[in-house]
Amino acid sequence: MRSDVITVQTGSRPTVRDITAEAQGFVSGEGDGLLHVFVPHATAGLAIIETGSGSDDDLLTAIDALLPTDDRWRHRHGSPGHGRDHVLPAFVPPYATLPVLGGRLALGTWQSICLVDTNGDNPTRQVRFSFLPA
């Protein structure tokens, strides 16, 4: 298995950041196998969604509706509502496994690999790519 970590700047606001190009670069030149993507953070996740047509903003709106940033959370350190950031990975998991065929990600036409980060207190994230050859 080959594995590497990239650093992603997500900023101080909730964001959906497309990391498909970085993932494709990691598996380029490989044969068939599986790409495992993992975010080693307690307040971020990964989603396979369409981007650029508003779906990324729709996802953040849905997260806000499901997990509002108010004072209901028992986990209270950090900025107001930060407890919801710690619940996020139960709904947007911190991992994804994707097929790789001939060194290309086998994603659907409109699918992208996206880092979902609602935690404005941590603007820098790590993402681990691991390739397991067939």
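Mentor: A salt bridge is a side-chain nitrogen of Lys or Arg within 4 Å of a carboxyl oxygen of Asp or Glu. This is a predicted model, in which local features need pLDDT of at least 70, side-chain atom pairs count only at pLDDT 80 or more, and totals for chains, interfaces and linings use all residues. Residues are numbered from 1 along each chain as its sequence is written, and side-chain values use heavy atoms, with hydrogens and water left out.

Trainee: What makes Arg 84 and Asp 85 a salt bridge?

Mentor: The closest N and O atoms of Arg 84 and Asp 85 are 3.1 Å apart, and the limit is 4 Å; therefore the pair qualifies. Asp 64 is linked with Arg 84 and Asp 85 in a network of salt bridges.

Trainee: Why is Glu 22 called partly exposed?

Mentor: Buried means under 20% relative accessible area, exposed over 50%, and partly exposed in between (1.4 Å probe, protein chains only). Glu 22 has 30% relative accessibility, so it counts as partly exposed. Arg 17, at 29%, is also partly exposed. Glu 22 and Arg 17 form a salt bridge, with 3.4 Å between the closest N and O atoms.

Trainee: Which class, buried or exposed, holds Asp 117 and Arg 125?

Mentor: Both Asp 117 and Arg 125 are buried. Their side chains meet in a salt bridge at 3.0 Å, N to O.

Trainee: How many salt bridges does a search of the whole structure find?

Mentor: The search finds six salt bridges.
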